[in-house]
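Subject: Structure for your review

Dear colleague,

Please find the structure below, followed by an account of what was found in it.

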Amino acid sequence: FDLVKSLSENIPDQLLSEQDTVFGSPDAADGGGIYFAIKDGEQSRYWILDQMDQNIPDYLKPFKEKINESIALINE
């Protein structure tokens, strides 16, 4: 947890205001997907992000990369 705890600071404000929970078509073209969930007090939220940049909004691309960097860090 300590290795990736700063990830929560990088959540785009726009994502937190989204009503949609799925962006792109995760795993539709074997590109993979990311399941990302947070818990804020009693409220839990989740999103599923396509790994293919052309399938997600521009504002999510840096956050998706930060998630992938965090996954790599955990796996070291």
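How many bridges join β1 to β3, and do these strands run parallel or antiparallel? Two bridges join them, and the strands run parallel. Strands here are DSSP runs of E of at least two residues, and helices are runs of H or I of at least four, numbered from the N terminus. Two strands count as paired if DSSP finds at least two bridges between them.

Please note that this is a predicted model, in which local features need pLDDT of at least 70 and side-chain atom pairs count only at pLDDT 80 or more, while totals for chains, interfaces and linings use all residues. Residues are numbered from 1 along each chain as its sequence is written, and side-chain values use heavy atoms, with hydrogens and water left out.

The sheet

The three strands form an open sheet in the order β1-β3-β2, with mixed pairing. Because β1 (22-23) and β2 (33-40) stand at the edges with a single partner strand each, one side of each has no neighbour in the sheet. β2 and β3 run antiparallel and are joined by eight bridges. Among the partners in β3 are Arg45 for Ile38, Ser44 for Lys39 and Gln43 for Asp40. Two residues lie between the strands of this hairpin, where Gly41 takes a positive phi near 65°.

Helix α2 (residues 61-75) lies across β2 and β3 and runs at about 90° to β2. That angle, on a scale from 0 to 180 degrees, is taken between N-to-C directions of lines fitted to C-alpha atoms, for helices over the stretch in contact (heavy atoms within 4.5 Å).

Asp50

Asp50 belongs to strand β3 (residues 43-50). Asp50 is buried (under 20% relative accessible area, 1.4 Å probe, protein chains only). Asp50 has no salt bridge (a side-chain nitrogen of Lys or Arg within 4 Å of a carboxyl oxygen of Asp or Glu). Its nearest side chain of opposite charge, Lys64, is 7.7 Å away. The Asp50 side chain does reach the backbone nitrogen of Met52, at 2.9 Å.

With kind regards

Technical notes:
Buried means under 20% relative accessible area, exposed over 50%, partly exposed in between (1.4 Å probe, protein chains only). Lys and Arg count as positive and Asp and Glu as negative; His and the chain ends are not counted. A polar contact is a pair of N or O atoms within 3.5 Å; within protein, one must be able to donate a hydrogen and the other to accept it, and residues adjacent in sequence count only if both atoms are side-chain atoms.
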